[in-house]
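The tour moves from one selection to the next.

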Amino acid sequence: GLDWLIVTVIPESDLMAEIHQNIRTTILLCLLTLGLAIASGLITANRFMFRITRVNRVSQELASGNFTQRLPADSPIAEVKALAQSFNKMADQLQQSFDWLENALEASEEKFTTIFRTIPDPIAITNLTEGRFLEVNNRMSEFYGYSRQELLGRTALEVGLWTNWEERQQFKHLLETEGYVCNFEVTTCTKFGENKVVLLSAQVFNLQGIDAVIVIIRDISAQQAAIRERKQAEDILRQ
């Protein structure tokens, strides 16, 4: 019937050694897991950023007009693969649209060139700032006696087409303020020194990003001569 108290003494190192070893092992495993997670995340992020960078580069190429660029659609990531397929489909549609527009533009330019060359009135296209000839039709060369090469890149003032400075200033002022001129009567000079009375009609328009002017010239020298003869005849009859 005695109550015994038994006391067991164990060294702390013997009790805590395994616990400390387990703690160190747990910390090492946690650090290893964290390192693997970070490495895996970096690899995945780099691969994803590489593909996003490629999408950006190809998009810039498309924006600059290079429609031959395509994205590889073999990515193991389903979302990136779907994005590449959609992007390539869009690029194909852009290529088709561009080809169609290019063909339509070529046909339109061919029609414009044919009409521009064969119109019976002299026509010239100049830039608005300096008035330099950008293009002239065949009738323009025939009317003034200058070849196309002699006119392109020069102004009407340099060639000597203007004979009256005030008429030139009035024409320029109307063009700059109104944006167009209709049947403005002036006297002009040909390469051979012949003065002719013409009607100038002009319109400002945008040509490939620059302000240009298309000028149509109507020769009324014969009409003016007929009017003068008629007036002379009327004066003679009146006398």
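Select Glu130 and Arg132: their side chains meet in a salt bridge, 3.3 Å from N to O. A salt bridge here is a side-chain nitrogen of Lys or Arg within 4 Å of a carboxyl oxygen of Asp or Glu. This is a predicted model: local features need pLDDT of at least 70, side-chain atom pairs count only at pLDDT 80 or more, and totals for chains, interfaces and linings use all residues. Residues are numbered from 1 along each chain as its sequence is written, and side-chain values use heavy atoms, with hydrogens and water left out.

Glu158 sits in helix H5 (residues 156-159) and Arg132 in the loop between S1 and S2, so the pair ties together parts 26 residues apart in sequence. Helices (H or I, at least four residues) and strands (E, at least two) are DSSP runs, numbered from the N terminus.

Next, pick Asp121 and Arg218. Their side chains form a salt bridge of 3.0 Å, N to O. Asp121 is in the loop between H2 and S1, Arg218 in strand S5 (residues 210-219), 97 residues apart. Buried or partly exposed: which is Asp121? Asp121 is buried, at 17% relative accessibility; Arg218 is partly exposed, at 46%. Buried means under 20% relative accessible area, exposed over 50%, partly exposed in between (1.4 Å probe, protein chains only).

Finish on helix H2, residues 78-118. Its buried residues include Val80, Phe87 and Phe116.

How values were computed: Expected span 1.5 Å × (residues − 1).
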